[in-house]
Amino acid sequence: MNGLCELLELLTNTGKKVSAISIETGFSNTDYFCKTFKRMYSLTPTEYRNVKK
């Protein structure tokens with residue numbers, strides 16, 4: 001499983017905090033992770049999680 005698929009899987013199918021997911025998928029800075037995610041998906045990780053549930 002590549003990093004992006006793993007990241008999306010963790011967001012949609014676990015209750016892990018976004019900060020834990022960002023570290024687990026290789027981002028050392030949660031703010032950078034959230035900004036990068038929003039640029040890619042036009043949603044924050046939390047918004048993405050809520051839409052996909």
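Which residues in H1 meet which residues in H3? In this predicted model, Leu4, Leu7, Leu8 and Leu11 in H1 meet Phe33, Phe37, Met40 and Tyr41 in H3. By class, this contact of H1 with H3 has eight nonpolar, no polar and no charged residues.

**How H1 and H3 are arranged**

- Two packed helices are described by the angle between their axes and the distance between the axes.
- For H1 and H3, the axes come within 14 Å and cross at roughly 100°, and because angles of 65 to 115 degrees count as roughly perpendicular, the two helices are described as roughly perpendicular to each other.

**The buried face of H1**

- Helix H1 spans residues 3-13, and within this helix Leu7, Leu8, Leu10 and Leu11 are buried.
- Seen down the axis of H1, these buried residues fall within an arc of 160°, so they line one face of the helix.
- The cover over the buried residues of H1 includes helix H2 (18-24), helix H3 (30-41) and helix H4 (45-52).

- In H4 the buried residues are Pro45, Tyr48 and Arg49, and they cover an arc of only 100° around the axis, which puts them on the same side of H4.
- What covers the buried residues of H4 includes H1, H2 and H3, while on the other side of H4, Asn50 and Val51 are exposed.
- An α-helix has 3.6 residues a turn, so residues three or four places apart point the same way.

**Aromatic rings**

- A search of the whole structure finds six aromatic pairs, and one of the pairs is that of Phe33 and Phe37, whose ring centres are 6.1 Å apart and whose planes stand at 45°, so the pair is tilted.
- Phe33 and Phe37 both belong to helix H3, where they lie four residues apart, about one turn of the helix.
- Phe33 counts as buried because its relative accessibility is 1%, and Phe37, with a relative accessible area of 3%, is buried as well.
- Tyr41 and Tyr48 also form a tilted aromatic pair, at 5.6 Å centre to centre and with 55° between the planes.
- In this pair Tyr41 counts as partly exposed, at 26% relative accessibility, whereas Tyr48 is buried, with a relative accessible area of 11%; the cut-off behind this contrast is that buried means under 20% relative accessible area.
- Ring pairs link Phe33, Phe37, Tyr41 and Tyr48, together with Phe27 and Tyr32, into a cluster.

- Ser42 is found in the loop between H3 and H4, and its phi is near 60°, a positive value in a residue other than glycine.
- At 58% relative accessibility, Ser42 counts as exposed, because exposed means over 50% relative accessible area.
- Asn50, found in helix H4, likewise counts as exposed, at 52% relative accessibility.
- Although Asn50 and Leu11 are 39 residues apart along the chain, their C-alpha atoms are separated by 9.3 Å.

Note on methods
Residues are numbered from 1 along each chain as its sequence is written. This is a predicted model: local features need pLDDT of at least 70, side-chain atom pairs count only at pLDDT 80 or more; totals for chains, interfaces and linings use all residues. Side-chain values use heavy atoms; hydrogens and water are left out. Buried means under 20% relative accessible area, exposed over 50%, partly exposed in between (1.4 Å probe, protein chains only). The arc is that of the directions from the helix axis to the C-beta atoms. Contact means heavy atoms within 4.5 Å. Axes are lines fitted to C-alpha atoms, for helices over the stretch in contact, and angles run from 0 to 180 degrees between N-to-C directions. Angles under 35 degrees count as roughly parallel, over 145 as roughly antiparallel, 65 to 115 as roughly perpendicular and the rest as oblique. Ala, Val, Leu, Ile, Met, Phe, Trp, Tyr, Cys and Pro count as nonpolar, Asp, Glu, Lys and Arg as charged, and the others, Gly among them, as polar. Rings of Phe, Tyr and Trp (its six-membered ring) pair if their centres lie within 6.5 Å; planes under 30 degrees apart count as stacked, over 60 as edge-to-face and the rest as tilted.
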